Amino acid sequence: MDFNDIESRGLILLGGGKMGSALLAGWLGQGLSPRAVHVVTPHPSDWLVSTGVSLAGDLPDDPAVVLIAVKPQKMAEALPQLARFGGGRTLFVSVAAGRTLASYEAILGAGTPVVRAMPNTPSAIGQGITAIIGNAAAGAADLALAEGLLRAVGDVVRLDAEDQMDAVTAVSGSGPAYVFHLIETLAAAGEAEGLPPDLALRLAKATVAGAGALAQQSGESPAQLRVNVTSPGGTTAAALNVLMDEKAGFPALLQRAVKAAADRGRELGK
């Protein structure tokens, strides 16, 4: 992406944890100058110090972007110190979960362009997916800038309405945990059938990772890929008879799980 405006005006990164550091690594890898980035964090990691970004606390007067990557519970004390940048020229991008666009406007002013984003944990290795939505003050150029910054850690999709964010959180934000649990339980099931624990876990990890990569890269739908693996009356079909049971299998279970996550997101957003 074109970093010219950020190079000249600067970018403030509020929060230097895993997500903030993953984003910063992506930007620096794409050619952004360390001197253009000002990180606000109480305990910078050795890696952050080694990058050469500004950690001294002297912030630019008119930054192009403020990117908020602190935990939601730390927002109340962290955000007001940057409220002076609200009003229009500075784009605010938030990757903090649960905070609505209106909550940022209440602190920064309704005329402040704000883009709310929901990345997920595979962003740490550049394999994430992030959903974004902007407020009324965020124009096409603001959304394009936010998307460019977030592409440093993976794919980006744009939402039509903010109320879709709770469903996104439940599917892709929380979703990696569901997959990690699938790996756990698949390995445990392998152990129950007589495999050594280390081998069962190795098989489960590689199977889930490989199937995910195939689903991403194949031109066929997941449903067709499933059919391709399933011989009539074979071993896969026997397993799928259990997993695809409408009442006790994956369809009902995952729908309940995703709904529970989305409902909780709506509660936290109030």
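**Close-up views of a predicted model**

**View 1. Helix α12 and its partner α7.** The buried residues of α12 pack against α7. This is a predicted model, in which local features need pLDDT of at least 70 and side-chain atom pairs count only at pLDDT 80 or more, while totals for chains, interfaces and linings use all residues. Residues are numbered from 1 along each chain as its sequence is written, and side-chain values use heavy atoms, with hydrogens and water left out. Helices (H or I, at least four residues) and strands (E, at least two) are DSSP runs, numbered from the N terminus. Contact means heavy atoms within 4.5 Å. α12 has 19 residues and reaches 27 Å from its first C-alpha to its last, close to the 27 Å expected at 1.5 Å a residue. That expected span is 1.5 Å times one less than the number of residues in the helix.

View 2. A252, A262 and G265 are buried in α12. Seen down the axis of α12, its buried residues fall within an arc of 155 degrees, so they line one face of the helix. The arc is that of the directions from the helix axis to the C-beta atoms. On the face turned away from the buried side of α12 are the exposed residues R256 and L268. Buried means under 20% relative accessible area, exposed over 50%, and partly exposed in between (1.4 Å probe, protein chains only).

**View 3. Helix α7.** Buried residues in α7 are M165, D166, V168, T169, A170 and S172. They pack against β5, β6, α8 and α12.

**View 4. The largest pocket.** About 2600 Å³ of space lies in the largest pocket. Of the 49 residues lining the largest pocket, V179, L182, V208, A211 and G212 are the closest to its centre. Elements that give two or more residues to this lining include β6 (128–134), α9 (197–217) and α10 (222–229). The largest share, twelve residues, comes from α8. By class, the lining of the largest pocket has 30 nonpolar, 16 polar and three charged residues. Ala, Val, Leu, Ile, Met, Phe, Trp, Tyr, Cys and Pro count as nonpolar, Asp, Glu, Lys and Arg as charged, and the others, Gly among them, as polar. A pocket is found on a 1 Å grid over the protein atoms alone, as an open set of points where a 1.4 Å probe fits, with protein on both sides within 12 Å along at least five of seven lines; lining residues have an atom within 4 Å of a point. Grid points are joined across faces, edges and corners, and a volume is the space filled by probe spheres set on the points.

**View 5. The second largest pocket.** The volume of the second largest pocket is about 1200 Å³. Its lining has 48 residues, with A69, V70, K71, P72 and A96 nearest the centre. α12 supplies the largest share of this lining, five residues. The lining of the second largest pocket has 18 nonpolar, 19 polar and eleven charged residues.

**View 6. S33 in its loop.** S33 lies in the loop between α2 and β2 (37–40). With a relative accessible area of 17%, S33 is buried. Leaving aside neighbours within four places in sequence, S33 is in contact with E7 and L28.
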